[in-house]
Amino acid sequence: MKKLLYLFFAVVATAACQGKKDFSPNEEPGMQRANAVSIFESKDSQKRWILNSRDVDFSDLQNAALVAPELLWKDNGKDAGKVTAERGVFNYAQRLVTLQGHVKAVSLIHGLTLETDHIYYDVDKDRVWSDKKTVVTRGGVRTVAKHGVETNSKLTQIEFKKQSTSLPATVKELKGQLK
C-alpha cells in the first residue's frame, strides 16, 4: 500500500512539473488586472470626479497602475473638465492621481487647455499641478509656463510656477518699455 501511495505522489509531481515552462509575471495567479475600469468619488449623491482607464493593474496594494486613463471632473453634476494621458497611477493612501505622457487637460466650461507630460491631481484638496513645462491655451492665445502650473480642477485659478516680473525702477525705464 505504501508503494502505491509513493507511486501516486510521484505521478502527481511529474504531471505538475510538465506544465508551461515560460512563466510570465502577467499570467501569475492572483494578479489583479481589469479592463474598462471606473474609479470615482461621490458627495451628496453626485460624482465629484471619475477616473476611467482602459486597463488597470491593482496588484500593488498602494497604487493602481493605469493605461490610457481619463480623469473627468464634475461640477454640480455636469462635466467641468477632462484630462487624458497615456498612463497613470492612482495612489490609494495619498488619494493622488498622477498622469503621464501627452497629458491634455481641458476645461469644458471655460475653453481652456493645459498640455504637458506630467500632471498631478490631489483628490482631497481638489488641486491640480504640473512641475514640467506646460502650455496653456485659451481663446487662441498660447502661454508657456516653463516650470509648470498649479490650479483647481475647474482650471479657473491658474498660477504659473516660478514666474518673475520686474517692474521698472524709474520713469525712464517705463517709457523705454512702452516703445
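Q: Buried means under 20% relative accessible area, exposed over 50% and partly exposed in between (1.4 Å probe, protein chains only). Is Trp-129 buried or exposed?

A: Trp-129 is buried, at a relative accessible area of 14%. Keep in mind that this is a predicted model: local features need pLDDT of at least 70, side-chain atom pairs count only at pLDDT 80 or more, and totals for chains, interfaces and linings use all residues. Residues are numbered from 1 along each chain as its sequence is written, and side-chain values use heavy atoms, with hydrogens and water left out.

Q: How many aromatic pairs are there?

A: Two values describe a pair of aromatic rings: the distance of the centres and the angle of the planes. Rings of Phe, Tyr and Trp (its six-membered ring) pair if their centres lie within 6.5 Å; planes under 30 degrees apart count as stacked, over 60 as edge-to-face and the rest as tilted. The count here is four aromatic pairs. One of them is Trp-49 with Phe-90, a tilted pair with 5.9 Å between centres and 55 degrees between planes.

Q: Which parts does the pair of Trp-49 and Phe-90 tie together?

A: Strands (E, at least two residues) are DSSP runs, numbered from the N terminus. Trp-49 lies in strand β2 (residues 46-57) and Phe-90 in strand β5 (residues 87-91), so their pair ties together parts 41 residues apart in sequence. Both Trp-49 and Phe-90 are buried. Now take Tyr-120 and Trp-129: their pair is stacked, at 5.1 Å centre to centre and 20 degrees between the planes. Tyr-120 is also buried, with a relative accessible area of 17%.

Q: Which residues do ring pairs link into a cluster?

A: Trp-49, Phe-90 and Tyr-92.

Q: Which charge lies over the face of Trp-129?

A: A charge sits over a ring if NZ of Lys or CZ of Arg is within 6 Å of the ring centre and within 35 degrees of the ring normal. Over Trp-129 lies Arg-127, 3.9 Å from the ring centre. In another case, the charged end of Lys-47 sits over the ring of Phe-40, at 4.3 Å from its centre.

Q: Which side chain does a polar contact join to His-118?

A: A polar contact is a pair of N or O atoms within 3.5 Å; within protein, one must be able to donate a hydrogen and the other to accept it, and residues adjacent in sequence count only if both atoms are side-chain atoms. The side chain of His-118 is joined to that of Tyr-120 at 3.0 Å. His-118 lies in strand β7 (residues 112-122). At 12% relative accessibility, His-118 is buried. Contact means heavy atoms within 4.5 Å. Leaving aside neighbours within four places in sequence, His-118 has contacts that include Thr-98, Val-103 and Lys-132.

Q: In which sense do β7 and β9 pair?

A: Two strands pair if DSSP finds at least two bridges between them. β7 and β9 pair in the antiparallel sense, over four bridges. Leu-112 has Arg-138 in β9 as its bridge partner. Strand β9 (residues 134-138) is mostly covered, with four of its five residues buried.

Q: What do β9 and β10 form?

A: A hairpin, with two residues between the strands. Gly-139 in the turn has a positive phi of about 60 degrees. β9 and strand β10 (residues 141-145) pair in the antiparallel sense over five bridges. Val-135 stands opposite Val-144 in β10.
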